[in-house]
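Here is a colleague's note to read beside the model, written as numbered points. Please keep the structure open and find each named residue as you go.

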Amino acid sequence: METPRSLIQPPTYGSQITILSIDGGGIRGIIPGTILFFLESELQKLDGADARLADYFDVISGTSTGGLLTAMLAAPNKQNRPLFAAKDINAFYLENSPKIFPQDGSPFASAENLIKTLKGPKYDGKFLHSIVKEKLGDTRLHQTLTNIVIPTFDIKNLQPTIFSSYRVKNNPSTDALLSDICIGTSAAPTYLPAYYFQTKDPSGNVREFNLIDGGVAANNPTLVAISEVSKEINRYNPDFFPIKPMEYDRFLVLSLGTGTAKSEGKYDADEAARVSWDG
């Protein structure tokens with residue numbers, strides 16, 4: 001089997017820092033999924049069938065559905081290679097989305113959905129939770145094959161919580177299961193319930209998380225990823241030598257969006273005041 005040249009000389013030690021950033025957008029994750037499939041297939045033409053996107057990016061960052069894509073691309077399988085090839089992503093979405101977002105075909109569906117939304121989230125999230133836990137298993141943040149950055153928003157602390165491969169080194173309380181991180185960053189207000197979980201650091205200290213969709217903090221996580229790398233450069237992380245602070249021309253960023261939703265401006269202030277955001 002041919003070894004991808006990216007594994008011979010990790011891009012971290014080259015002249016550029018490579019970042020893949022994937023926006024939030026629910027089922028529209030199929031859009032970046034299609035682009036990633038094309039990109040990975042082109043890299044395989046150069047470096048062999050075993051080449052994977054995680055071999056080429058120093059950082060993969062994603063919000064909401066982009067966070068799920070990030071985990072799929074960076075989580076290890078039993079052979080310590082990426083859990084998903086890019087070609088498998090869209091099949092995952094097409095197979096599971098109808099179960100994550102079940103549609104009611106009755107003539108009264110619109111009225112029933114409105115009542116449900118006013119009472120709480122539209123979907124219970126149970127299938128999403130089960131399939132994500134099944135696929136990602138016991139893998140934790142520190143175990144990913146390349147660095148990842150996934151934004152979430154903690155509704156108890158009312159501030160963003162960033163799950164980052166760089167931060168986990170000095171803050172082991174963020175070394176959560178990838179499945180918990182993905183469920184948290186995907187918990188879109190009004191659609192899916194907020195998500196609660198705990199972590200325990202090596203000293204036994206327990207930390208609680210009460211998370212909703214990372215899009216509340218950064219639907220496009222590009223700047224979050226760049227910020228995480230910049231902090232490491234300023235800390236003189238040897239992985240980035242000889243790149244200096246402010247040398248942003250060394251950043252090579254591929255930022256993938258998810259298109260535009262059909263319905264914009266769904267709620268006015270009065271309606272939003274009646275909608276449950278905490279599940």
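**Notes on the predicted model**

1. The largest cavity is lined by Leu68, Met72, Phe84, Phe92, Val132, Lys135 and Leu136. Here a cavity is a set of points, on a 1 Å grid over the protein atoms alone, where a 1.4 Å probe fits but cannot get out, and lining residues have an atom within 4 Å of a point. The elements that give two or more residues to this lining are α3 and α6 (126-136), and α6 gives the most, with three residues. The volume of this cavity is about 30 Å³, taken as the space filled by probe spheres set on the points, which are joined across faces, edges and corners.

2. This is a predicted model, in which local features need pLDDT of at least 70 and side-chain atom pairs count only at pLDDT 80 or more, while totals for chains, interfaces and linings use all residues. Residues are numbered from 1 along each chain as its sequence is written, and side-chain values use heavy atoms, with hydrogens and water left out.

3. The protein chain averages a pLDDT (the predictor's confidence in each residue, from 0 to 100) of 86, and 83% of the residues score at least 70. Over residues 1-11, however, pLDDT stays under 50. Where pLDDT is low, the predicted coordinates should not be read in detail.

4. The protein chain has 10 helices and seven strands, these being DSSP runs numbered from the N terminus (helices H or I, at least four residues; strands E, at least two). Buried residues, those under 20% relative accessible area with a 1.4 Å probe and protein chains only, make up 49% of the 279 residues.

5. Leaving aside neighbours within four places in sequence, Leu20 is in contact (heavy atoms within 4.5 Å) with residues including Leu36, Phe57 and Leu73.

6. Which value does phi take in Leu158? Phi of Leu158 is near 55 degrees, a positive value in a residue other than glycine, and Leu158 lies in the loop between β3 (147-154) and β4 (159-164). Because its relative accessibility is 64%, Leu158 counts as exposed, a class that begins over 50%.

Conventions: 1 Å grid on protein atoms, 1.4 Å probe; cavity = no way out; pocket = protein on both sides within 12 Å on 5 of 7 lines; lining within 4 Å.
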